[in-house]
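Where does a protein model leave enclosed space, and which residues stand out in its backbone? This briefing takes up those topics in turn.

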Amino acid sequence: MSTDQLVLVTGASGYVASHVVQQLLVAGYRVRGTVRSFKIEEKVAPLRELVPDAKHPLELVEADLTKDEGWDQACSGCWAVIHVASHLGSLMRMADEETYIQTTVNGAQRVMKAAAAAGVKKMVLTSSFQTITGDPSPWVEGKTYTEEDWTDIDYPNLEFYPKSKTMAERAAWAFVENMPEESKIELSTIQPTFVWGPPLLKCQAYTPSMESMINILTNKYPGHPSISVPFCDVRDVAEAHVKCLTTPAAAGKRFIIYSRCEWLATTAKILDEELKPQGYALYTNTIPYFVLWFFSFFKRKLTASNFLQKLDLQISISNRNMVEVLGIQPTDLRKTVLDMAYSIIELGMVPKTSNYRGPTSH
């Protein structure tokens, strides 16, 4: 298979999608990316500069997940589609559950239908680990979560995000299952855990991943809850998408992308040891349970996602498909943490101190 094949990447300016675009361009693929509007110059211009010496210049087209217009054109002539786009940021501010879910599910279906009409051969869908076990369902001690697990969409008070992502992924599998055999798209789905790693564009500052790191670097909170977070590296997530295109055994499979679990306070210590000499003195302490319990009466999010029940627990997750099928070894978490912090500072999301000297060997 020639890398001159045309691949569509939806939501190209996003945190994960921009890495997918970069890796595809470096590999020599022809890449077409969707953006919601060419008018948002801070997203469009840096995208074009991701790989200045690319064999094929990045092509950009306008398409919005909430509208039918543009998707047939976007998919036309494509060999593969990598659907990463999500309205996570804007939808998180919506109070209407039905609108949230319909936008996510219908957006994915729009892309699927356009891809099928265009004769696309392969599709990779960015799903979420929240489709494996979604908040507020509790982590089950002693259980190892795998791609065989699915979030129960009927779980009481299930949050909008895991419900919508689970329904969208199930709808995608059903769509492919119902396609005629002779034109059936080879579908793979990716379930990243909590994604950290270096952002490529400044416009990505308002993603949950970025906000969590910025909060640590700016000491927004006086310590860290005793939460063990299942991390993965954004570059591994992007590589998984790309490898699904060229790995025959990836067709019809789900892939959890996961490095390891780590306590938030430990990640803060990694950052503090590296950045303290550069003028960033960070909180590395763990906030006591009783403090979080008290504030849970005033902060809805502390109870809505079973936050308190997950304190001091570690979840067990299998990344066997990632390692054995796709051949991806997880990036060392220290590298993930420090590369992300330096990229955030270099992009101006967090101010440089007078002692800042930039990335060192880590």
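The model is predicted. It holds two cavities of 30 Å³ or more.

**Largest cavity**

- The lining of the largest cavity consists of 15 residues, and those closest to its centre are His-83, Ala-85, Thr-104, Ala-108 and Lys-165.
- At least two lining residues come from each of helix H5 (97–117), strand S5 (122–126) and helix H6 (160–177).
- By class, the lining of the largest cavity has seven polar, six nonpolar and two charged residues.

**Second largest cavity**

- Around the second largest cavity are Lys-122, Met-123, Val-124, Glu-186, Ser-188, Cys-244, Leu-245, Thr-247, Pro-248 and Ala-251.
- Two or more of the lining residues come from each of S5, strand S7 (186–192) and helix H8 (234–246).
- S5 makes the greatest contribution to the lining of the second largest cavity, with three residues.
- Six residues of the lining of the second largest cavity are nonpolar, two are polar and two are charged.

**His-241**

- His-241 belongs to helix H8.
- His-241 counts as buried because its relative accessible area is 0%, and the cut-off for buried is under 20%.
- The side chain of His-241 comes within 2.7 Å of the backbone oxygen of Val-237.
- Beyond its neighbours within four places in sequence, His-241 contacts Val-16, Val-20, Ile-82, Val-124, Thr-126 and Ile-190.
- Of these contacts, Val-124 is also among the residues that line the second largest cavity.

**Residues with positive phi**

- Most residues other than glycine have a negative phi.
- Asn-157 has a positive phi, near 60 degrees, and is not a glycine.
- The loop between strand S6 (144–145) and H6 holds Asn-157.
- Asn-157 counts as exposed because its relative accessible area is 70%, and the cut-off for exposed is over 50%.
- Asp-312, also not a glycine, has a positive phi of about 70 degrees.
- Asp-312 sits in the loop between helix H11 (301–304) and strand S12 (316–317).
- With a relative accessibility of 54%, Asp-312 is exposed as well.

Technical notes. Residues numbered from 1 in each chain as written. Predicted model: local features only at pLDDT ≥ 70, side-chain atom pairs only at ≥ 80, totals over all residues. Heavy atoms only, no water. 1 Å grid on protein atoms, 1.4 Å probe; cavity = no way out; pocket = protein on both sides within 12 Å on 5 of 7 lines; lining within 4 Å. Points joined across faces, edges and corners; volume = space filled by probe spheres on them. Helix = DSSP H or I, 4+ residues; strand = E, 2+ residues; numbered from the N terminus. Nonpolar A, V, L, I, M, F, W, Y, C, P; charged D, E, K, R; others polar. Buried < 20%, exposed > 50% of the residue type's maximum accessible area, 1.4 Å probe, protein only. Polar contact = N/O pair within 3.5 Å; in protein donor to acceptor, adjacent residues only side chain to side chain. Contact = heavy atoms within 4.5 Å.
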